[in-house]
Amino acid sequence: MLKKFYHRHRARWDQLDQFLLGNPVLERGLVLAPIVVACTSVQNALLLSAAFSAITILTVFLTYFIPKKLPYTIRVIANAAIASLIFVPVYHILQKYWPEIVYNVGIYLPLIATNSLIVQKSESRYHRQKIPVMLVQLFTASIGFSAVAVMIGAVRELFGKGMLMGTPVKIIRFTAPALLLPCCGFILLGFLAAVLQKYRLHLEKPLRKPPHKENRHE
Amino acid sequence: MNEFFHILRETAMRMASIAVFAIFVQNILLTRALDTSASLFIIRKQYNRPLFGLILTGIITISSVLASFFNDLFTSYQWAPIFYVCIVGIVYILFLLICAKVPHKYRVQITPMIHLSAFNSAVLGSLLLSRSYDLWGQIAFGLGAGIGFLFASYLIDIGYERLRSDKIPPAFRGFPITLIYIGILSLAFYGLIGHELSI
């Protein structure tokens with residue numbers, strides 16, 4: 001059913017979807033570092049997702065109004081500066097309510113302020129769209145990032161620590177702490193990207209034509 | 001005079017150990033996963049890797065020198081990004097001004113690399129990671145981070161050609177298998193740190 005829908009609305013799907021087939025992490029390889037290193041639990045993943053969504057959506061929206069007449073270099077610096085300014089209240093809120101998780105994610109939280117969606121892709125992709133299209137793309141990209149972060153965080157927390165959301169899971173009798181290392185983050189992300197690629201190949205396969213009425217009687 | 005040489009030797013030794021630490025233990029790409037997308041981009045586009053590494057090392061090192069004078073003012077992560085963005089912005093413009101003096105045929109090659117390397121996570125990550133060092137320590141860490149990036153992207157490049165084989169299942173071809181390969185390289189680097197089995 002989804003395949004039919006995809007083939008019927010392919011152009012619009014490709015334009016708007018950054019959750020599944022245009023996922024910023026799994027399809028384009030952007031903003032990998034926080035997921036590979038810092039998403040070792042669901043809580044870390046949720047905190048990074050919240051920060052990523054707030055900073056990226058607000059920054060790309062606000063920087064849309066920077067005049068295009070300005071040189072590219074100045075626009076890029078302005079994009080990064082605005083993102084860093086938005087980071088200040090975001091960090092303040094997160095630090096106030098979840099200081100432990102903020103400590104756990106370390107440098108990967110401030111690094112979100114200069115992620116490649118803000119610094120490079122805003123100029124080459126988002127700012128070339130109309131505002132509603134850009135907002136839908138940003139929204140789907142944020143959900144896409146969050147989904148990958150939470151999935152990777154959940155697998156690593158469950159099988160690396162034997163816990164979920166900080167609560168021990170009794171069914172898990174053994175743990176593999178190596179899953180918490182960056183190397184396993186890369187490998188898990190590689191397998192997840194392969195699953196998505198398999199699904200993309202399935203969706204892109206041409207639809208089977210329904211048999212003719214005459215043939216059906218035969 | 002002897003004391004001067006003693007201090008010089010001590011500083012050089014300390015800088016060398018920090019640089020080696022940055023290359024192998026805190027490798028910007030394989031241990032910290034910073035700038036993976038830029039590394040894959042330069043490999044895919046067949047950019048001049050050593051030149052990119054040189055530009056990246058230059059930007060990190062010069063930004064580190066500037067940052068070292070003000071690090072004490074910003075102890076929290078809250079204000080660190082805006083502070084580092086200002087510093088990297090200055091270095092970015094400086095590099096582009098220098099590049100403007102270079103002959104056109106080289107400028108065409110260098111300018112996109114400066115744009116790609118200025119505001120990436122490797123630069124800001126290195127600045128954040130080396131905050132605890134003094135001026136010489138930050139310079140050494142900056143040099144080590146750049147060399148480490150170059151070394152890691154060279155290792156990825158070696159495998160990248162082989163990973164395009166038709167023998168790889170279609171679902172894994174391209175980006176997924178490259179990530180798994182980087183994961184295995186990262187595991188090898190982790191092993192290099194040295195972990196003894198408890199017998």
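**Exercise 1. Find where Ala33(B) sits in this predicted model, and work out whether it is buried or exposed**.

Step 1: Ala33(B) lies in the loop that links helix H1 (2-25) to H2 of chain B.

Step 2: check the backbone. The phi of Ala33(B) is positive, at about 60°, even though the residue is not a glycine.

Step 3: count neighbours. The cut-off for a buried residue is 20 or more other C-beta atoms within 10 Å. Ala33(B) has 27 C-beta neighbours inside 10 Å, so it counts as buried.

**Exercise 2. Describe how H3(B) and H6(B) pack**.

Step 1: get the geometry. Helix H3 (residues 49-68) of chain B meets H6(B) at an angle of about 35°, and the axes are 10 Å apart. The crossing of H3(B) and H6(B) is right-handed.

Step 2: pick out the residues. H3(B) brings Leu56(B), Ile59(B), Ile60(B), Ser63(B), Ser64(B) and Ala67(B), while H6(B) answers with Ala122(B), Val123(B), Ser126(B) and Leu127(B).

Step 3: sort them by class. The contact between H3(B) and H6(B) comes to seven nonpolar and three polar residues, with no charged ones.

**Exercise 3. Take apart the side of chain B that touches chain A**.

Step 1: size up both sides. On chain B, 37 residues are in contact with 39 residues of chain A.

Step 2: see which elements take part. Those giving two or more residues on the chain B side are helices H2 (36-44), H4 (80-100), H6 (121-129) and H8 (175-193). H8(B) gives the most, with ten residues.

Step 3: split by class. This side of chain B has 27 nonpolar residues, nine polar and one charged.

**Exercise 4. Sketch the fold of chain A**.

Step 1: list the elements. Chain A has eleven helices and two strands, in the order α-α-α-α-α-α-α-α-α-β-β-α-α from the N terminus.

Step 2: The C-alpha trace of chain A spans about 70 × 60 × 25 Å along its principal axes.

Step 3: look at burial and contacts. Of the 218 residues in chain A, 40% are buried. Among its contacts between residues at least 6 apart in sequence, 75% join residues at least 24 apart.

Conventions:
Residues numbered from 1 in each chain as written. Chains lettered and ligands numbered in written order. Predicted model: local features only at pLDDT ≥ 70, side-chain atom pairs only at ≥ 80, totals over all residues. Contact = placed C-beta atoms within 7 Å. Helix = DSSP H or I, 4+ residues; strand = E, 2+ residues; numbered from the N terminus. Nonpolar A, V, L, I, M, F, W, Y, C, P; charged D, E, K, R; others polar. Buried ≥ 20, exposed ≤ 12 C-beta atoms within 10 Å, placed from the backbone. Axes fitted to C-alpha atoms, helices over the stretch in contact; angles between N-to-C directions. Left-handed = near helix turned anticlockwise from the far one by under 90°.
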